[in-house]
Amino acid sequence: MRRREKFVLSTILLSLALSGVQYINLEWRFLAIGIFMIFVYLISSWALSDDLQFHERLTIVPLPALYAGAVALFYFLLPRNFVSQLTILALFGIGLYGLYLTANIYSVAKARTIQLLYAAHAVGLFFTLLTSLLLTNTIFSLNLPFWGNGLLIGLVHFPLAFMALWSVKLEDFIAVELLQYSLLITVFLAEFSLLLSFLLIPVWHSSLFVTGLVYLILGLLQSFLKGRLFKNTMVEYKLVAAFLGFLFLLFFPLK
């Protein structure tokens with residue numbers, strides 16, 4: 001079977017599986033989503049198996065599974081509206097197919113430089129941020145204690161940060177340096193989430209603040225790893241940081 005045919009078949013199968021998860025009883029819903037994520041990981045491993053190396057099962061394949069879990073959890077929070085649920089399913093399928101194409105580019109680009117790699121980096125970062133936003137929104141929506149928010153947000157962002165940083169150089173091993181950077185990002189985001197838990201800020205605003213920080217930190221580190229952390233780049237990210245700081249002060253409940 002051709003690679004594109006695998007991608008299409010996997011996308012259709014997983015979209016149907018996502019639709020089926022929503023009909024499971026509420027008390028079993030989170031368990032079902034966990035099993036669904038494992039299923040996505042296994043199907044994605046098969047779809048990408050042509051050029052997949054062992055270490056890439058930790059650096060490429062988990063993103064489709066995390067993305068699927070994020071959409072499934074967000075899908076669960078939506079009202080029972082046929083149009084909205086059908087729209088989410090369609091967008092999920094398109095996004096998953098795009099992730100497969102991106103992962104395939106990463107897998108091919110490790111052996112030779114291809115022009116599509118720049119586009120793949122942009123798409124990969126977009127889905128990393130989207131997954132971060134949906135997962136963070138779900139976690140804050142659960143009304144957990146402050147330590148629960150920090151712990152869960154840290155846990156979901158460690159693999160997201162690690163995969164985003166690994167994709168910069170596409171090395172055929174897992175560098176300790178990347179693990180250290182990912183851990184630092186995780187700790188910072190977890191601590192920031194703890195702070196947000198004590199503030200009376202709407203869930204969506206808190207989620208956007210966390211995702212904005214993810215974009216800022218990953219963007220800086222990716223530019224650093226590429227050796228492209230120029231003055232203009234720093235100015236751009238400083239402007240983003242200033243904008244985030246302004247928004248935070250604007251919505252700060254104790255001002």
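**Group meeting: a patch, a core and a serine**

Okay, let's start with leucine 151, which comes out as partly exposed, with a relative accessible area of 47%. Keep in mind that this is a predicted model. Leucine 151 sits in helix α7, and that helix covers residues 146–169.

Which helix gives the largest share of the nonpolar patch? That's α7, with 5 residues.

Now, the inside. The largest nonpolar core has 72 residues. If you want to find it on screen, look for the residues with the most contacts inside it: Leu18, Phe36, Phe92, Ile185, Leu196, Val210 and Leu218. Quite a list of helices gives two or more residues to this core: α1, α2, α4, α5, α6, α7, α8 and α9. Of these, α4 gives the most, with 11 residues, and you'll find α4 at 62–77.

Leaving out residues up to four places away in sequence, Ile185 touches Ala161, Leu165, Ile217, Leu218 and Leu221.

Last one: serine 45, in helix α2, residues 29–47. Is serine 45 buried or exposed? The cut-off for buried is under 20% relative accessible area, and serine 45 is at 7%, so it counts as buried.

Conventions
Residues are numbered from 1 along each chain as its sequence is written. This is a predicted model: local features need pLDDT of at least 70, side-chain atom pairs count only at pLDDT 80 or more; totals for chains, interfaces and linings use all residues. Side-chain values use heavy atoms; hydrogens and water are left out. Helices (H or I, at least four residues) and strands (E, at least two) are DSSP runs, numbered from the N terminus. Buried means under 20% relative accessible area, exposed over 50%, partly exposed in between (1.4 Å probe, protein chains only). A nonpolar core is a set of buried Ala, Val, Leu, Ile, Met, Phe, Trp, Tyr and Cys residues joined through side-chain atoms within 4.5 Å. Contact means heavy atoms within 4.5 Å.
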